[in-house]
Amino acid sequence: MKATVKIEKEVELKTLSVQANVRYWDDATINGVDDKEGTLTPCKKGACWCPEIDIETGQITNWQKGVKADIHFKVCDEGVYTLKDDEGNVIQEREGYVPKCMSPKEPGYGDYIIMSVNEDGFIEGWKFDPDDFIETED
């Protein structure tokens, strides 16, 4: 007999992979310059912004060193946010609204990514809350 069971297991979360479909790139400032087309923004892949964020430190590991950014991206419900463990296994994936941790500079209300990133790729004011991703049953 086959059955589907839910197993609870403690894991070490390591990375937040983001694939956010950005509606307007021109609300970002990269090294003091308004990025009208998104051509200056690190981690851009096509129409998406795809940073790989170290959950513990808030460092974007695929960030271009030496680039400083003030980001204010309208995403709405067009993003995929994936939590991975230290071996790269997908632990939880969330589609739709922007998680709160992606707007440490000011509230993004689930529609915006709002943050400042320093020259070393660290997100200023980074605070990660796994409850934004992991569903619990009451």
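This is a conversation about how terms are applied to a predicted model.

Tutor: Because the model is predicted, local features need pLDDT of at least 70 and side-chain atom pairs count only at pLDDT 80 or more, while totals for chains, interfaces and linings use all residues. Residues are numbered from 1 along each chain as its sequence is written, and side-chain values use heavy atoms, with hydrogens and water left out.

Student: What makes Cys101 buried?

Tutor: Buried means under 20% relative accessible area, exposed means over 50%, and partly exposed lies in between, with a 1.4 Å probe and protein chains only. Cys101 has a relative accessible area of 4%, so the residue is buried, and Cys50, at 10%, therefore counts as buried too.

Student: Why is Asp111 called partly exposed?

Tutor: The relative accessibility of Asp111 is 24%, so this residue counts as partly exposed. Asp111 is placed in the loop between β9 and β10, where strands are DSSP runs of E with at least two residues, numbered from the N terminus. Contact means heavy atoms within 4.5 Å, and, not counting residues up to four places away in sequence, Asp111 touches Phe73, Lys74, Val75, Cys76, Tyr97 and Val98.

Student: How do you know that β8 and β9 pair?

Tutor: Two strands pair if DSSP finds at least two bridges between them. Strand β8 (residues 79-85) and strand β9 (residues 90-95) have 5 bridges and run in the antiparallel sense, so by that rule they pair. Leu83 stands opposite Gln92 in β9, and the two strands form a hairpin with 4 residues between them, where Gly88 in the turn has a positive phi of about 85°.

Student: What makes a group of residues a nonpolar core?

Tutor: The set must be buried Ala, Val, Leu, Ile, Met, Phe, Trp, Tyr and Cys residues, joined through side-chain atoms within 4.5 Å. The largest such core here has 29 residues, and those with the most contacts inside it are Leu16, Trp49, Met102 and Ile113. Two or more residues of this core come from each of β1 (13-21), β7 (69-74), β8 and β10 (112-117).
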